[in-house]
Amino acid sequence: MSAHLPRKSSVALRDPRWLRWSLLAIALAFVALFLVLPLLAVFGYAFEKGLDVWRAAVVDEEARAAIRLTLLVAAIAVPLNTVFGVAAAWLVTRYSFRGKGLLVSLIDLPFAVSPVIAGLIYVLLFGKQGWLGPWLADHDVKIIFAVPGIVLATTFVTFPFVARELIPLMQAQGGDEERAAITLGASGWSMFWRVTLPKIGWGLLYGVILCNARAIGEFGAVSVVSGHIRGLTNTMPLHIEVLYNEYQRTAAFAVASLLALFALLTLVLKQIVGWRMRRIAATEPDA
Amino acid sequence: MRRTIAAVFASALFALGGLAHADTTLLNVSYDPTRELYREFNAAFAAEWKQQSGEDLKINQSHGGSGKQSRSVIDGLEADVVTLALAYDIDALHEHGDLVPADWQKRLPDNSAPYTSTVVFLVRKGNPKGIKDWDDLVKPDVGVITPNPKTSGGARWNYLAAWGYAKKKYGGDAAAQEFVGKLLKNVPVLDTGARGATTTFVERGQGDVLLAWENEALLALAEGGGKGQFEIVVPSISILAEPPVTVVDKVVDKRGTRKVAEAYLKYLYSPQGQEIAAKNHYRPRDAAVAAKYASTFPKVPLFTIDEVFGGWQNAQKTHFADGGTFDKIYVPGAK
């Protein structure tokens, strides 16, 4: 952890001033060009025809359906991945078993796989020509080209966020308090709620925020399984593409500006949570 | 925490309930450039159907590259009707999963294509590269934008139009293959759908000429980025594009929507439907409507796919199937 490095001997601080300044200038220019400028462009285009046009685009029936669907998908995928993430992190950090390394790599798989492939996997599994397709069709269960497919694809893509955030944290914290709680007669459940959760709370929240951000913004995997039925299976990112392709640039960017707002909100929350985590880490005596 | 989770699930269920619809619905799975056409047509037909039957009808739309859309329907996208770019993509619905009968194309008049179109060139204002006909597209300094024939119906029409031209002019398929190969070398990027290609040309300013559906080119003139920035060039000869429509039998029989789905497609052939098609830049079949819109659609000699390629099945097998001519002559990134 960088916090433990002795600060005064840091090499960066002994670099000549010109080098520091030019590095800073390069970094700032890069941030401005690749992050700030596009963000400004989103809001610029969104409001180029005034507030009324912006509002009309956002309250449009199809846009509202897209927003509802996006929030619904996040509301299912994020809790699922939270429960999974906590369970996986617990498993990986508290027990040792054969194949643990493999499990950890598997958790990371969605980071490595292209989202398009992630979507296609589900089409091949649940599509009409897929393995489970005929059975699903006979029982009138719709997964692909309907909301469940979108939820599945989003869950897959956002799978690692919570676990990835918790595993190093729980590794660093160790299991002493839990062992103490069990020794003192706490049930597994009350130990989890009273000891573990408060310990990992902020880290968990951090993971959940990142998971949620990705769930809301996912395009590739969802695009494959959605079927693009407007008003029914178009999420916000898909709706933005539709609008842009229909020469409705202002409307497209109006909805995009909502997504950007979500992103900014995420960023603020993330900062607050990160700051709390660092403060807690600083006040706690090192184990 | 527990309460929060419960609240989240409760609101999720609530939102799910909000997605359900009560009235009759139809899903029309269509190709890329028909977005504006069906937006107008659906509203007109819903009103007509309400008058005829008293039923409230909601028509849902899905758009994308024609081949991709066909694939989605095969994979289980429950389309009551498909209105795709070319017959082969509907033939595929018969071959995989038997969703429509083999003779689907004979069920409606005019090869089940209620409107037609052709392939034209869209160039930048003043036509700086002086593009007049197909031969100008293979000149070394011309950037041509056309979508990927593997996924886009429009792209297949473009490709076959160029092939047909060269075959007629230079005599034979070998010459045509060389011609189309040269043309493809001028294509910097293959989008998956016709609309994607149009945005690449119109909004992102790529290339000197867009090979496009006539309807797509006319729409780009009317709505695209800046008006008056583009011109349409009609080549000396082109292809008669017949985008067909059909009811998807397996789906309508399961959902009990056959009657309304058939009425929906018939309405495309009615004078009202033909008028909407013409207004949205598709060549109408109806003679009276065609006469009214004669000035929009220049007369140009058109060859059909049956004349030059022996039908879509043959064209598909020879040119676009895996290992077909397209795979042989298209080398990505070659310039």
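This is a predicted model: local features need pLDDT of at least 70, side-chain atom pairs count only at pLDDT 80 or more; totals for chains, interfaces and linings use all residues.

User: How many bridges join S5(B) to S7(B), and do the two run parallel or antiparallel?

Analyst: As a general idea, the strands of a sheet pair through backbone hydrogen bonds, and they do so either parallel or antiparallel. In this case S5(B) and S7(B) run antiparallel and are joined by five bridges, with Val119(B) standing opposite Trp213(B) in S7(B). Strand S5 of chain B, residues 119-124, also runs antiparallel to S8(B), to which four bridges join it; there, Glu231(B) in S8(B) is the bridge partner of Val123(B).

User: In what order do the four strands form the open sheet of chain B?

Analyst: The order is S6-S7-S5-S8 in chain B, and the pairing is mixed. Strand S6 (144-145) and strand S8 (230-233) of chain B are the edge strands, since each of them pairs on one side only.

User: How many residues of strand S7 of chain B are buried?

Analyst: In general, the side chains of a regular strand alternate between the two faces of the sheet. Strand S7 of chain B, residues 209-213, is mostly covered, for five of its five residues are buried.

User: Which residues of H10(B) are buried?

Analyst: An α-helix has 3.6 residues a turn, so residues three or four places apart point the same way. The buried residues in H10(B) include Val260(B), Ala261(B), Tyr264(B), Leu265(B) and Leu268(B).

User: How many helices and strands does chain A have?

Analyst: Chain A has 13 helices and zero strands, and its C-alpha atoms fill a box of roughly 60 × 60 × 30 Å along the principal axes. Of the 287 residues in chain A, 40% count as buried, while the chain exposes about 16,100 Å², of which carbon and sulfur atoms supply 69%.

User: Where do the charged side chains of chain A lie as two sets?

Analyst: Chain A carries 25 positive and 18 negative side chains, and the centres of these two sets are 9 Å apart.

Methods: Residues are numbered from 1 along each chain as its sequence is written. Chains are lettered from A and ligands numbered from 1 in the order in which they are written. Side-chain values use heavy atoms; hydrogens and water are left out. Buried means under 20% relative accessible area, exposed over 50%, partly exposed in between (1.4 Å probe, protein chains only). Accessible areas come from the Shrake-Rupley method with a 1.4 Å probe; for residues, only the protein chains shown count as cover. Lys and Arg count as positive and Asp and Glu as negative; His and the chain ends are not counted. The place of a charge is taken as NZ of Lys, CZ of Arg, CG of Asp or CD of Glu. Two strands pair if DSSP finds at least two bridges between them.
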